[in-house]
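I opened the model to look up charge pairs, strand order and ring contacts. My entries follow in the order in which I checked things.

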Amino acid sequence: MNHLQSIPLALTLMLAVTACSTSPSTEPLHRYHLGDWETEIGYTQAVRHGDLLYLSGVVSGEATMDQQVTAVYSTIRTVLERYGAGMEDIIREVVYTTDIEALKQSIETRKAFFADDAYPAASWIQIDRLFMPTAMIEVEAVVRLRP
Amino acid sequence: MNHLQSIPLALTLMLAVTACSTSPSTEPLHRYHLGDWETEIGYTQAVRHGDLLYLSGVVSGEATMDQQVTAVYSTIRTVLERYGAGMEDIIREVVYTTDIEALKQSIETRKAFFADDAYPAASWIQIDRLFMPTAMIEVEAVVRLRP
Amino acid sequence: MNHLQSIPLALTLMLAVTACSTSPSTEPLHRYHLGDWETEIGYTQAVRHGDLLYLSGVVSGEATMDQQVTAVYSTIRTVLERYGAGMEDIIREVVYTTDIEALKQSIETRKAFFADDAYPAASWIQIDRLFMPTAMIEVEAVVRLRP
């Protein structure tokens, strides 16, 4: 086999590897932290596996539901920006809230974070309480990352 | 390189791309809608990423738990059929319910939707309430799609 | 084309398939059971898809929160060992608990299961009750498997 023939073979290999490089299963999982408290509690803000980013539930210390909705989705947007992703890349979210009727009053506030009606699959659940006693909403998400 | 030799190379490329085509990470996420209300609330019934389909929590307006179980899993089955998938392709589900004892009374109703004991990984959780005040059960799922 | 040239082509194909073998989308999902009760209730303890393992919520019949935390994470570790995975391979978890303040008292007990601060993305949620009336904690997880 001569060298001219080996070029397309090498290219083929590179393409195959590139196309699949989103699942580097033998490397440690990539972890992203927002602060030191995560290690004290025992969680990681975001863990990347292949082309998926899994976000821990995001909360806020703000006073009202509407402020918490704004703060939570702003934090999510900031984390995504670090990975070159946008809100339209959120595949699914679970919204845990202590007051689903109050959350419904903030639907427009939440929707303003998403453009072109590109909303994620979602479950909205009213639960007893969250880790932070004052938190009214916690949002976890699975996000698609681009190569 | 002559044309005869380039055929297997092209085939190799095609095979590599096909084998990996379940992660088309540069395209917009594929979104599936059941109705206009999704855009008003701000969610998408099902979002596809690669060979995975993420379903929003499915609910029903029926009157009894048993009827809601039947309606919810019928809806899920209908969505899956649109993607050529079956109930045996559900990888995991979370069942949120306002009354887990009532849900236990409907176990046989739910099990009838699954053949050959091919059940998903599952968490069943009793929570305060769901988005729809009359909903007693909401089921979200992650589903494997076939190429 | 002679045989010498066909070898690298075959190798390329094998490499491409190997690199993508984590998504064998046409095979039945791999299911792992801990006991017969799963089939009676209608769930599977762990379902594998590609290089991801989805665990059903794990509970324990122990008497105290601290004992339940130990039992639940021990069970998870045992399941992971069957797949050659460790606690550092848990990508995300959801911890459902009936008493989040009691769970906070067991943070060190839980953290002892994780080495090198390699914690998963996590949501901790206080809910009404779990499937087993005496369960105080239920942990579901998505885990990365190595080839």
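Predicted model: local features only at pLDDT ≥ 70, side-chain atom pairs only at ≥ 80, totals over all residues.

I use buried for under 20% relative accessible area, exposed for over 50% and partly exposed for in between, with a 1.4 Å probe and protein chains only. The side chain of C:Asp89 meets that of C:Arg146 in a salt bridge, 3.0 Å from N to O. C:Asp89 lies in the loop between α3 and β4 (90-97) of chain C and C:Arg146 in the segment after β7 (137-144) of chain C, so the pair ties together parts 57 residues apart in sequence. C:Arg146 counts as partly exposed, at 32% relative accessibility.

Residues are numbered from 1 along each chain as its sequence is written, chains are lettered from A and ligands numbered from 1 in the order in which they are written, and side-chain values use heavy atoms, with hydrogens and water left out. For a salt bridge I take a side-chain nitrogen of Lys or Arg within 4 Å of a carboxyl oxygen of Asp or Glu. Helices (H or I, at least four residues) and strands (E, at least two) are DSSP runs, numbered from the N terminus.

I noted a total of 21 salt bridges over all chains. In chain B, B:Asp89 and B:Arg144 join their side chains in one of 3.1 Å, N to O. This pair links distant parts of the chain, with B:Arg144 in strand β7 (residues 137-144) and B:Asp89 in the loop between α3 (65-82) and β4 (90-97), 55 residues apart. B:Asp89 is buried at a relative accessible area of 0%, and B:Arg144 is buried at 1%. A polar atom of the B:Arg144 side chain also lies 2.7 Å from the backbone oxygen of C:Glu27.

I then checked C:Lys104, whose side chain meets that of C:Glu101 in a salt bridge of 3.4 Å, N to O. The two are three residues apart in helix α4 (residues 100-105) of chain C, and are therefore separated by about one helical turn. C:Lys104 is partly exposed at 22% relative accessibility, and C:Glu101 is partly exposed at 35%. The charged end of C:Lys104 also sits over the ring of A:Phe131, 4.4 Å from its centre. My criterion for a charge over a ring is NZ of Lys or CZ of Arg within 6 Å of the ring centre and within 35 degrees of the ring normal. A:Lys104 lies over the face of B:Phe131, at 4.3 Å from the ring centre.

Which residues form a salt-bridge network? I listed A:Arg92, A:Glu140, B:Arg92, B:Glu140, C:Arg92 and C:Glu140.

I traced seven strands in an open sheet of mixed pairing, in the order β1(B)-β2(B)-β3(B)-β7(B)-β4(B)-β5(B)-β6(C). The edges are β1 (30-32) of chain B and β6 (129-130) of chain C, each with a single partner strand, so one side of each has no neighbour in the sheet. Strands count as paired if DSSP finds at least two bridges between them. Strand β5 (residues 121-126) of chain B and β6(C) run antiparallel and are joined by two bridges; B:Gln126 stands opposite C:Arg129 there.

β2(B) and β3(B) form a hairpin with two residues between them, and B:Gly50 in the turn has a positive phi of about 60°. Four bridges join these antiparallel strands, and B:Val47 has B:Tyr54 as its bridge partner. β3(B) also pairs with β7(B), antiparallel over five bridges. Seven of the seven residues of β3(B) are buried, so the strand is largely enclosed by the rest of the structure.

I recorded 15 aromatic pairs over all chains. The rings of B:Tyr73 and B:Phe113 have centres 5.8 Å apart and planes at 35°, so the pair is tilted. Rings of Phe, Tyr and Trp (its six-membered ring) pair if their centres lie within 6.5 Å; planes under 30 degrees apart count as stacked, over 60 as edge-to-face and the rest as tilted. B:Tyr73 is buried at 0% relative accessible area, and B:Phe113 is buried at 12%. B:Tyr73 also pairs with B:Phe114, with centres 6.0 Å apart and planes at 70°, so that pair is edge-to-face.

Notes:
Polar contact = N/O pair within 3.5 Å; in protein donor to acceptor, adjacent residues only side chain to side chain.
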